[in-house]
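Let's take a walk through this model, starting with one residue and then stepping back to the whole chain.

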Amino acid sequence: DFARQEMPARRPADLNGVIERSVALVERQPAFRLVSIERRLGKGLPPVFVDPGQIQQVFLNLLTNAAEAMPDGGTIGIETRAGDGDMIEAVVSDDGAGIPEAVRERIFEPFFSTKRREGEAIAGGGQGLGLAVSWNIVERHHGRISVDSAVGRGTKFTVRLSTDRSRKGREATG
């Protein structure tokens, strides 16, 4: 399934609306019981040119990962804002444990998970596909996804998507 992901059916979409639908799908799940979600969604942002269902999957993955990084509760922040050029940025942050620097460069690799120990799953552990799939989706949308994290201070993922319907891969990814 990972290798057979569909190409996006891109169209203009309200990124704030995609994010709000993502939040509505996850906020009542058990992992979010002790988590508050703070939204700082920019007003008047132009539509991004995306497949809304695929981009929703990216935010579902990021929100779920953020909640799982805070098993004792915490805050997830979601911010949207204008970026450079024709890009709109969405930032998902948490105040969880953070990602150790030694593994940060591998988090977008398929089947790599910080939720498993060598050879075994840990409680709530994933299959290591969520971030790989998210990276792939954003790349197919000619966008970028990046991470900033520090152990003990939390993690911040920034997704950059274009408002330009003619974009043909001019953006670097990663």
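A polar contact here is a pair of N or O atoms within 3.5 Å; within protein, one must be able to donate a hydrogen and the other to accept it, and residues adjacent in sequence count only if both atoms are side-chain atoms. By that rule, the side chains of Glu89 and Arg160 are joined at 3.1 Å. Glu89 also has a side-chain polar contact with Arg81, at 2.7 Å.

Some ground rules: this is a predicted model, where local features need pLDDT of at least 70 and side-chain atom pairs count only at pLDDT 80 or more, while totals for chains, interfaces and linings use all residues. Residues are numbered from 1 along each chain as its sequence is written, and side-chain values use heavy atoms, with hydrogens and water left out.

So where does Glu89 sit? Look in strand 5, residues 87-94 (strands are DSSP runs of E, at least two residues, and helices are runs of H or I, at least four, numbered from the N terminus). Glu89 counts as buried because its relative accessible area is 11%, and buried means under 20% (1.4 Å probe, protein chains only). Leaving aside neighbours within four places in sequence, its contacts (heavy atoms within 4.5 Å) include Gly83, Thr158 and Val159.

Now zoom out. The protein chain has four helices and nine strands, and 45% of its 174 residues count as buried. As for pLDDT, the predictor's confidence in each residue from 0 to 100, the chain mean is 82, with 77% of residues at 70 or more. Over residues 116-125, though, the pLDDT is below 50.

Methods. Buried < 20%, exposed > 50% of the residue type's maximum accessible area, 1.4 Å probe, protein only.
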